[in-house]
Amino acid sequence: MLNITHYHRPTTLKEAVALLVPGRAVIAGGTDLMVNPRYTQGVTELVDITGLGLAYIRLADCRKATGWVYLGAATTMYEVQNSTLLASIAGGVLAKAAATCGSPNIRNVATIGGNVCSALPSGDTLTTLLALDARVALQGPLGHRELPLSDFFLGPARTVLQQELLVEISFQVPHPPSGAAFYKLGRTEEDISIVNTAALLCLDSQGRVAKARIAAGAVAPTPLRALQAEEFLTGKFPGPDNLNEAARLTMAAVSPITDQRATADYRRKVTRVCALRALEQALASCGPLNQAAI
Ligand SMILES: Cc1cc2nc3c(=O)[nH]c(=O)nc-3n(C[C@H](O)[C@H](O)[C@H](O)COP(=O)(O)OP(=O)(O)OC[C@H]3O[C@@H](n4cnc5c(N)ncnc54)[C@H](O)[C@@H]3O)c2cc1C
């Protein structure tokens, strides 16, 4: 039962950070915080971050091939889903992942920063952000720090945040020829994922894999990168046998649980299928060079 006695609405980052003391929780869209008691244990005051100007999507360098994309933490899933900039980068993979986060009314208020800070293994933008090598910028009483998203998660609903605010998420636009894809398996497309996967493939001039990123969600205490599978693909042609082996290695990396959505065994098996589909779709979106691979 929520026992909130004060609701703060800071208008500057400095003011917001000063409010982050024990007993207070950050609220963005509130779609996790208001329904999941684990986020409000011992909380009596809320700090609303939607008035801080943290809803934006920017490309820092207008030469897209070398640019960095910056997303404010309070950008809603609706804004991510409908961003023409994001639709034009890496096959629109982040916009597509955001489009599967709940129903339209959830996406109107749910933020990408909230999805990251909730740190649920099933969070739908998390695997895509991992595949894009995203970084997170945090602001707290001791100042600013930046780290790779892969170092941010500690366990289910646990992160490195220490009375800090996630301010911004960034990633570099993948160099072409490259392609990325998100593949979600849920009861319906809008349901919480049973398993989700994301893949990014960057090819060299011969069509070999120069860089591979494969991430899987809802199959371990945190969303995870399949490092062995990535290493296996690097330097190889992404033909069917190699993609199949990478999918098998992804399955070998997971440690799922059984819950009301699926058994651990089912999750493990479909991880292979989801990883393969994400890899095949990523390859298909690489453009003409991928033909050399098959
Ligand atoms: C019906 C329903 C369906 C859903 N379906 C999906 C789905 O399909 N896929 C999916 O991934 N999620 C789903 N969710 C979960 C939720 O909508 C997302 O995780 C959402 O992105 C959370 O964002 P929010 O802004 O609402 O976060 P909030 O609920 O406001 O916050 C969540 C947590 O993060 C903290 N927090 C938020 N922002 C920051 C910040 N900038 N800095 C520091 N801490 C912060 C809060 O203190 C809290 O602990 C669903 C939720 C509901 C209710």
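Which residues in H10 are buried? Start with the ground rules. This is a predicted model, where local features need pLDDT of at least 70, side-chain atom pairs count only at pLDDT 80 or more, and totals for chains, interfaces and linings use all residues. Residues are numbered from 1 along each chain as its sequence is written, and side-chain values use heavy atoms, leaving out hydrogens and water.

Now look at helix H10, residues 264–284. Helices (H or I, at least four residues) and strands (E, at least two) are DSSP runs, numbered from the N terminus. The expected span of a helix is 1.5 Å times one less than its number of residues. Still, H10 has a kink of about 25°, centred on Val-270. That bend is the angle between axes fitted to the seven residues ending there and the seven starting there.

Val-270 is also among the buried residues of H10. Buried means under 20% relative accessible area (1.4 Å probe, protein chains only).

Next, find strands E6 (135–140) and E7 (143–148). They pair in the antiparallel sense over 6 bridges; pairing takes at least two bridges found by DSSP. The two strands form a hairpin with 2 residues between them. Gly-140 has Gly-143 in E7 as its bridge partner.

Key: Buried < 20%, exposed > 50% of the residue type's maximum accessible area, 1.4 Å probe, protein only.
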